[in-house]
Amino acid sequence: MLLFLIIGFSVETLSQMEILQDYDITNLSTLRVRAKVSYFVEPETIGELISAVSLAKEKNLKTYFLGGGSNSLLSSRNIDAFLISTLKLDFINELDDGLFEVGAGLKMPRFCGKMIHKSLTGVEFMVGIPGSIGGGIIMNAGAHGREFAQVFVSAKVLDLDTLEIKELDFQDLNFKYRSSSINPDKQCILSAVLKLEYSDKDKIRETVAHYNASRTTSQPLKAWTCGCTFKNPDKFSAGKLIQESGGKLMQIGDLRVSNVHANFFENIGAGSSIDFCNLVSQIQGLVKQEKNIKLSPEVRPIGEFTEEELKIWL
Ligand SMILES: Cc1cc2nc3c(=O)[nH]c(=O)nc-3n(C[C@H](O)[C@H](O)[C@H](O)COP(=O)(O)OP(=O)(O)OC[C@H]3O[C@@H](n4cnc5c(N)ncnc54)[C@H](O)[C@@H]3O)c2cc1C
């Protein structure tokens with residue numbers, strides 16, 4: 001292992017992989033809250049990813065994984081850990097007609113685009129979801145009445161304790177509304193096998209155009225957000241509950257409830273995870289008081305949070 005010093009931060013290299021130290025990761029989440037991590041790596045192969053996990057173990061540091069960063073709240077307190085981006089694991093292998101092994105880091109809209117090109121249907125719902133295949137599995141991401149589980153066949157998953165790679169199938173994943181059984185503290189998704197069907201290309205394109213148009217009018221797509229902050233409670237829309245409770249445009253620091261869609265929180269400048277947690281807590285209190293419903297965050301925490309902040313996820 002070599003060690004270099006470069007202005008502002010130091011870089012180690014493990015074979016060909018750069019390890020960035022004290023690295024500013026603000027731009028790695030779609031919410032753009034201020035954040036910094038002790039070690040950051042972006043492996044290009046599964047072998048490099050396993051080496052990075054081993055190195056974190058050697059240094060006795062926690063490992064976090066990040067795909068598109070579109071459902072993660074990065075802590076604005078320095079994150080003393082190894083952050084591994086999966087985005088360069090973005091391969092696609094065609095195994096059979098309509099059957100693909102896809103790297104965990106491939107962005108969902110890109111996968112959707114490639115499938116349209118091949119006249120394959122099933123993943124049109126992914127078109128406006130700015131996350132990775134790995135993040136999509138963790139969250140069982142979905143839209144327009146479709147979800148990841150419907151195209152999922154199996155996944156290769158790294159066990160972080162034993163460093164063994166296991167093949168998990170549909171039953172093992174226990175998909176539910178915006179969740180699966182994969183625990184990012186213990187497992188890393190490396191790739192997934194997905195199954196699609198052939199259909200009419202023009203019809204697929206029409207569906208995608210319709211989905212895109214409906215997002216443009218109903219979501220603040222130009223703002224820094226992490227999509228829906230809260231899961232929809234059974235039979236309710238979280239956005240509607242927040243709006244009816246008077247939560248629209250409530251603001252703490254640089255974080256505010258969107259005027260376009262009340263379940264989206266916008267970072268309008270230099271927002272921090274602290275502002276975000278305070279706003280979540282305030283909105284949860286408001287909706288509980290007005291509607292007697294507890295909203296649960298869809299967004300996942302990465303890094304250090306106070307006990308008080310962690311209560312928003314209970
Ligand atoms: C504008 C906008 C619109 C959105 N619309 C939708 C929508 O319509 N439907 C929907 O479901 N979601 C939506 N989202 C939320 C988000 O895009 C999805 O939840 C997506 O699946 C998250 O993927 P990601 O790669 O960005 O996950 P990240 O934020 O990178 O990670 C999420 C969690 O998964 C873990 N993780 C990520 N990759 C791996 C891996 N390979 N192995 C182990 N753990 C991993 C992370 O550690 C973290 O805990 C939207 C977000 C935005 C910003």
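## A strand pairing in a predicted model

Phe-100 has Leu-194, in β15, as its bridge partner. The structure is a predicted model, in which local features need pLDDT of at least 70 and side-chain atom pairs count only at pLDDT 80 or more, while totals for chains, interfaces and linings use all residues. Residues are numbered from 1 along each chain as its sequence is written.

Helices (H or I, at least four residues) and strands (E, at least two) are DSSP runs, numbered from the N terminus. Two strands pair if DSSP finds at least two bridges between them. Strand β9 (residues 99-103) and β15 are antiparallel and share 5 bridges. Strand β13 (residues 152-159) also runs antiparallel to β15, and 7 bridges join these two strands. Within this second pairing, Ser-154 has Val-193 of β15 as its bridge partner.

Strands of a sheet pair through backbone hydrogen bonds, either parallel or antiparallel. Strand β18 (residues 255-257) and β19 are linked by 3 bridges. Arg-256 has Glu-266, in β19, as its bridge partner.

## Overall form

The protein contains 8 helices and 20 strands. Its C-alpha atoms fill a box of roughly 55 × 50 × 35 Å along the principal axes. The radius of gyration is taken over C-alpha atoms, and the globule rule is 2.2 Å times the number of residues to the power 0.38. For 314 residues, a compact globule would have a value near 20 Å, and the 20 Å of the protein agrees with this.

A residue is buried if 20 or more other C-beta atoms lie within 10 Å of its own, exposed if 12 or fewer, and partly exposed in between, with C-beta atoms placed from the backbone. Of the 314 residues, 43% count as buried. Two residues are in contact if their C-beta atoms, placed from the backbone, lie within 7 Å. Among contacts with a separation of 6 or more, 63% come from residues 24 or more positions apart.

## Domains

Domain bounds come from an automatic or database domain assignment. The assignment gives domain 1 (2-85), domain 2 (92-217) and domain 3 (220-313). The centres of domain 1 and domain 2, taken over C-alpha atoms, are separated by 24 Å. Their contact takes 12 residues from domain 1 and 15 residues from domain 2. On the side of domain 1 that touches domain 2, the elements giving two or more residues are α1 (46-58) and β5. Here α1 gives the most, with 5 residues.

A residue is near a molecule or strand if its C-beta atom, placed from the backbone, lies within 6 Å of it. There are 33 residues around the ligand, and Gly-67, Gly-131, Gly-134, Gly-135 and Gly-227 come nearest. Two or more residues of this shell come from each of β5 (62-66), α3 (133-139), β11 (142-143) and β15 (187-195). The element that gives the most is α3, with 5 residues.

Ala, Val, Leu, Ile, Met, Phe, Trp, Tyr, Cys and Pro count as nonpolar, Asp, Glu, Lys and Arg as charged, and the others, Gly among them, as polar. The shell around the ligand has 15 nonpolar, 17 polar and 1 charged residues.

## Glu-304

Glu-304 lies in the loop between β20 (300-302) and α8 (307-310). Because Glu-304 has 16 C-beta neighbours inside 10 Å, this residue counts as partly exposed. Glu-304 touches Ser-75, Arg-77 and Ile-79, when residues up to four places away in sequence are not counted.
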